[in-house]
Amino acid sequence: YVPTWNHQVDFREVPFACKRLPTTGLPINVSFCEPEDSLIVSTSSKEVVVYEGNGVHKSFEELSRKFGIIRLCGSVGSTAYYYLCCLDGTLILKNGDSNWAFKLHKRIISHVKFIPRDNNFWLVVSCGLDNYLKLHLLDLTKLTLKELSSVKLLSPCTSLQVAREEVSGDPMVFLTRQD
């Protein structure tokens, strides 16, 4: 059972006062991050910056220099981890000054979703331009990523949504394909 959208929801305005926004390239991805109501932006000039509401920002310059352009980025739920998806199919997890890299796909990761499983365990659902839908288990205590399942798609994924089954809590993956 998938609940219908609540049309009575009032969206609240989030104050955001930052004087420095990326100016050296077009934004590729912009996402809100849960832990501190921040905004993460990746640009075509290999820049990845996290902006917090008070105007403070963090730059992931060392990662973008090493891995190139970041296609997708955001936070892993309300944990202290950020994720960055590189053009070569690598998923990078970042916490403070530490980085961990995992090869998820052979080509660009086009879609990724993180679903909480248990304490410190997350399901990672991803699609790539290699036409695979993959399910991984991320263990944040040991910082390991284990592939649970993969399905070869007939054509590239164009959209991906994940819902949780109400009784069992199992994920339901909804996707559309190019064809």
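How do the residues of the lining of the largest pocket divide into nonpolar, polar and charged? The lining splits into 8 nonpolar, 7 polar and 2 charged residues, where Ala, Val, Leu, Ile, Met, Phe, Trp, Tyr, Cys and Pro count as nonpolar, Asp, Glu, Lys and Arg as charged, and the others, Gly among them, as polar.

A note for every view: this is a predicted model, with local features needing pLDDT of at least 70 and side-chain atom pairs counting only at pLDDT 80 or more, while totals for chains, interfaces and linings use all residues. Residues are numbered from 1 along each chain as its sequence is written, and side-chain values use heavy atoms, leaving out hydrogens and water.

**View 1. The largest pocket and its lining.** This pocket has a volume of about 340 Å³. On a 1 Å grid over the protein atoms alone, a pocket is an open set of points where a 1.4 Å probe fits, with protein on both sides within 12 Å along at least five of seven lines, and lining residues have an atom within 4 Å of a point. Points are joined across faces, edges and corners, and the volume is the space filled by probe spheres set on them. There are 17 lining residues, with Ser 75, Tyr 83, Val 112, Lys 113 and Phe 114 nearest the centre. β1 (27–33), β5 (70–75) and β9 (109–118) are the elements giving two or more residues each, and β9 supplies the largest share, 5 residues. Strands here are DSSP runs of E, at least two residues long, and helices are runs of H or I, at least four, numbered from the N terminus.

**View 2. An open sheet of 4 strands.** Read across, the order is β5-β6-β7-β8, with antiparallel pairing; strands pair if DSSP finds at least two bridges between them. β5 and β8 (98–103) each have a single partner strand, so one side of each has no neighbour in the sheet. On average, neighbouring strands are turned by 20 degrees against each other, direction ignored, using axes fitted to C-alpha atoms (angles between N-to-C directions otherwise run from 0 to 180 degrees). Look for the 5 bridges joining β5 to β6 (residues 82–86), and for Gly 74 opposite Tyr 83 in β6.

**View 3. Glu 62 and Lys 94 in a salt bridge.** Their closest N and O atoms are 3.2 Å apart, inside the cut-off for a salt bridge (a side-chain nitrogen of Lys or Arg within 4 Å of a carboxyl oxygen of Asp or Glu). The partners come from distant parts of the chain, helix α1 (residues 61–67) and strand β7 (residues 90–95), 32 residues apart. Lys 94 is buried at 4% relative accessible area, whereas Glu 62 is partly exposed at 37%. Buried means under 20%, exposed over 50% and partly exposed in between, with a 1.4 Å probe and protein chains only.

**View 4. The β10–β11 and β11–β12 hairpins.** β10 (residues 121–128) and β11 pair antiparallel over 7 bridges, with Val 125 opposite Leu 135. In the turn of 3 residues, Asn 131 has a positive phi of about 65 degrees. β11 goes on to pair antiparallel with β12 over 8 bridges, and Asp 139 faces Thr 144. Here 4 residues separate the strands, and Leu 143 takes a positive phi near 50 degrees. Lys 134 and Glu 147 also meet in a salt bridge (3.9 Å, N to O).
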